[in-house]
Amino acid sequence: MSKRSNSSLHNTHPRKRAKATAEEEEGDENDNSSEVDDALLSQSLLAAGDVVSDAGIVESVTLRNFMCHSLLGPFTFGSNVNFVVGNNGSGKSAILTALIVALGGNAQATNRGAALKGFVKEGESSADVSVTMCNKGRDAFKPEVYGSSITVDVRISHDGLRTYKLKSATGNVVTTKKDELLSILDNFNIQVNNPVSILTQEMSKYFLHSKGEGDKYKFFMKATQLEQMREDFIHIKSTKNITEDKVEQHSELLKDLKRKYLEKEECYKNLASLDEMNSKLGELQKQMAWALVLEMEKELEPLKEKLEADKTSTKKYDEKVQEWRLKIEEAEKKYKEIQEQLEAITQQVQELQPKCAELKAEAQRRNSLLKSSELTVHRCRANLKDLDKDKDQLSNRINDLKLSISQTTGAESQARMEQMQQMETHLDNLKHHISTLGQQIDQYQHACNRAKEEQAKMSRENDALMKSMIANKRNLQTLESSRSNRLSRFGEHMPALLKAIDEAHRRGQFRQVPRGPLGYLISLKDPEHALAVEVCLKGQLQAFTCDNYDDEKVLQGLMSRVFPSRRRPGIITSTFLPQVHDTSRRGVNHSEYPSVLQALDIEDPVVANCLIDQRGIESILLIKNRTEARRLMQLQRPPPNCTQAFSKDGDQIFPNRSYAADQSRANYLSGDVEEEIRHLKRELDNQSGQSSRFNQQLRKLDDDIKQNQMLLRRSHAEQKNAKDKSTKLQIELTDIQNVEEPQSEDLRPLEEELEDIISKITSKRTEYEEAKIQMADLKFSYEKAEREYKKHKEQINTIAEQADSVKEELSLSDQEVIKCKHHKKHYDEKRTAHLNNIQTQENHLNDRERELQASTTKASEICAERLEVRRTARSLDTEINRLKVKISTQQEQQGDPQEVVRMYQEALENYKNMAQQMKYLNSFIKSLDDVMNRRLQAYAEFRRFLSARCKYYFDSMLAQRGYTGSMTFNHKDETLSISVQPGSGNKADLSDMRSLSGGERSFSTVCFVLSLWAITEAPFRCLDEFDVYMDMVNRRISMDMMLKVAAGQLYRQFIFLTPQNMGSLPESKIIRILHPVHPNSRVSSRDCCTEGHRTVSVMSSGSSQCLWPVQRPPPSVLWTS
């Protein structure tokens, strides 16, 4: 049972103390004896020397998030005596609990909780415990794997799950299986549930401090493992009883097997009557085989005849196919002629286009000259108007003076007549001026209207330009953001949409994750095809595809959140397939030019199938040169299965029409992002310059409009003034006729000034007339150029109208070609179906011939010589079935020979096996009885021997303090009675422990525990608060006893947990004191270090207390809250 020799107590001779007659003498004597014991203990501990660690002792323990501790440890234990000292709540019991849990103990064994999850610190997800054990010496466990130490890492989750990691000395994880831990514990003889190995407070209260004799006996049985042995014996006895019951059951079964064996043996002997019927059956089967061959030969004749007839009728289908082939060639010839005619008309239109553009430019140039001439006329007219106004004012002044002179000089009549003539002349001039102003008003009004129309036209062009600039700026921003994320080229909200799709897919909202945008999932083999492919696919580039309508609804919901107020991408719903469609028959395959499908790299079959279904990319060619594309698609017969083609500039060419692209560069598929950015910036610069020119022209037009409106207002005002003057002058003319002649006065200077103004008016009027003549010439020239432009334009429109009729005729011809192709396809399909039918018949005939050959071969195997059979296969089959029924009936009565033999052999084998098993079981039960009897005797002898040793060691422990006592075992009633008498045994009778004081009872309990230690084996002993109920004297004596035991057992480890101060311990290298530091305290940074002496202080609330002034290494204790 023991792996280690027990020598401590054999070498210890307890000294009894002499008791004095008086209490004082007794006290002095005890003190002297205690001093002698302390001296001896110190000498014993100092003589212990260095300790060689043995296998199984605990080297260190570390706790993390365990119970109420965030971090406790690592605690480095010594190889012999270890004291864990600390107040309640400091973590002493947590260390012991963690040791039990880490070494496989359950929660109930710790007496600290009902489940493991209760050990996880509140608020944490898991707790971790790490225990390192020594693995040295002859009892080391797999030292070549683990090395000098074994570390057990245990993690307890908040659900109560416990996982293990067993690590070697180097820190490598060796295994995570609990079976390996159990093997290690068995090898080290570690029993965490044995109170002798680990004695907790609750276990001590239940067994040691209990007053029941039955509890002490249970403690003795559990500590010595006798209880485990007894339970094993009970289990073996119950197993033996079960085995005896099975033997009794198998005895009855053996009788049944023997009866069945005799029955099958009887049937085996009666197998001699079926040979004749089996022989006849074999003959009928031979005839049946050749009868089937004969019938199959007869069935092949009509098949061959039908096949020959169908081959003859193939010629009719060939003729029909040839007929429609000729019609197709004729229709295609006509189509080509019309197409050449259309091409000629188109060529003619293209030749007239430059002339038309030239005439339009000439008309615009002459219009500009006309506008400039109109401005000159307006300016001359305004100058004439100002001169006429000055002339009128000066004439009025002269007339007034002449009137005054006529009144003063007496020549009133003649002056009055001259004044009236002048006034009449002035009145005529005013009327002429009013008429001229009316014409100017009309011209100004016309100029304003024309300028406003031009301004509106330029405003519309400027608005379109601004929209284009905004779009280009948005595209530029998208391209710049796509430098790092190509997905941004498909819209600023596209990354957010794809992120939402991924999240929805992770939540299981999609059956199949949608694909898109489709343009993001394709790539070009040739970058020059970027614009052509983009124009071809158009809206499909930003579209998404879904597998089903439920996924489409989910995707629409995501788009409504990501694209709240913008145009959303399209959604295409089609079942996802794992492979790409087979387009070998319907796809275009040209030797020089690729199709759109061939020009793309598409990894996802779903995307490829979507573009094939929606756009037919397998039948669209990509031809870089537009002229070559038109020649291939329109001037020649298009390649088979080709519906349209695209040039690299994005022009779309059909067999009967073509369309120019509405964009000049690719926005989504271009490979060189930097070049696209530079191009957009240059285009934005050009558009910005064009916008500036537009704004400058608009400002000029606005100035012209304002100037013309100002001239218009001025002309209206002048016309009104002229009319007012005319009215006023008419009134004055009437008044002058009644006025007397004034006296004369000198009018020569005014008249000279008037003549000068009249001369200027004449000169300006001449200039005005010349400007009007020039304006008329320019107007005539402009109108002529405009008529020529319109005439040329009408000529182009006429030719275009002719082209429309030719296009209509081309369309009809195209329909005729399609119709002929449809009919030819119909007969091709019928011919193919007919040929397939012939092929099927040939295959069927070949299969039947092979079946005939196989049937002939099989018949030859059954009967090598062909038989002439006159009976049909049906009649032979009836005869064979009848004979089989007869044989079956006979076999049912007697059994199939092989089955009878098999069943006989099986029954014989079962009987022999069961008889052999019964023999073995009876022998096993007999052997088990003998072994159990010997084991029970050994158990009783072992129990008696352990009881005697326990008594001996108990008496020896008591004698060290001068106590006497007895220990009585009653194995029948399972009780253990302990009696102790303090002092000399002659003075008083032995008394029960209940009559002792608390300290004396605790000392007796320690003696009981030490006696159990002496008769049991374990690599380490753990006691939790062993001295809590002792007085100072008993505590010192108990401590001396345990230290003496420890000094004699240097191969064993002792761990004592106590709240008491251990400062009075003697100095020794085998003693280590560990002190868990309370969270509210801190270790002082000042350590008093002297040679051979070290003091470590713990400061709490401003006070300092010396914990261990001993000559040994200080404990390695960490505390983290």
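1. A word on the basis. This is a predicted model, in which local features need pLDDT of at least 70 and side-chain atom pairs count only at pLDDT 80 or more, while totals for chains, interfaces and linings use all residues. Residues are numbered from 1 along each chain as its sequence is written, and side-chain values use heavy atoms, with hydrogens and water left out.

2. Helices (H or I, at least four residues) and strands (E, at least two) are DSSP runs numbered from the N terminus, and two strands pair if DSSP finds at least two bridges between them. Strand β5 (residues 149-157) runs antiparallel to strand β6 (residues 162-167), with six bridges joining them. Within this pairing, R155 stands opposite T163 of β6. The two strands β5 and β6 make a hairpin with four residues between them, and G160 in the turn has a positive phi of about 90°.

3. Strand β6 has a further partner on your list to check. Two bridges join β6 to β7 (residues 173-175), again in an antiparallel arrangement. L166 has T175 in β7 as its bridge partner. A hairpin is formed here too, with five residues between β6 and β7, and G171 in its turn shows a positive phi of about 95°.

4. Next, the salt bridges. With a salt bridge taken as a side-chain nitrogen of Lys or Arg within 4 Å of a carboxyl oxygen of Asp or Glu, the count comes to 37. One of them joins the side chains of K320 and E323, at 3.9 Å from N to O. Both residues belong to helix α10, where they sit three residues apart, about one turn of the helix. For exposure, buried means under 20% relative accessible area, exposed over 50%, and partly exposed in between (1.4 Å probe, protein chains only). K320 counts as partly exposed because its relative accessibility is 32%, and E323 is partly exposed as well, at 34%.

5. What does E374 form a salt bridge with? The partner is R450, and the closest N and O atoms are 2.4 Å apart. E374 lies in helix α10 and R450 in helix α11, so the pair ties together parts that are 76 residues apart in sequence. E374 counts as buried, at 14% relative accessibility, whereas R450 is partly exposed, at 23%.

6. The salt bridge between D651 and R626 has its closest N and O atoms 2.9 Å apart. D651 is in the loop between β14 (644-646) and β15 (652-653), and R626 is in helix α17 (residues 626-635), so this pair links parts 25 residues apart in sequence. Here D651 counts as buried, at 10% relative accessibility, and R626 as partly exposed, at 30%. Elsewhere, K240, E244 and D929 are linked in a network of salt bridges.

7. On the cysteines: a search of the whole structure finds zero disulfides (pairs of cysteine sulfur atoms within 2.5 Å). C536 counts as buried, at 1% relative accessibility, and C1022 is also buried, at 1%.

8. Now the second largest pocket. On a 1 Å grid over the protein atoms alone, a pocket is an open set of points with protein on both sides within 12 Å along at least five of seven lines, a cavity is a set where a 1.4 Å probe fits but cannot get out, and lining residues have an atom within 4 Å of a point. The second largest pocket holds about 1,100 Å³ of space. Its lining has 27 residues, of which E332, R637, P640, N641 and K821 lie nearest its centre. The elements giving two or more residues to this lining are α10 (314-409) and α19 (748-862). The largest share, eight residues, comes from α19.

9. The whole structure has five cavities of 30 Å³ or more, and the largest cavity has a volume of about 70 Å³. Among the residues that line the largest cavity are R381, D388, H432, H433, R765 and Y768. Helices α10, α11 (412-481) and α19 each give two or more residues to that lining.

Terms used:
Grid points are joined across faces, edges and corners, and a volume is the space filled by probe spheres set on the points.
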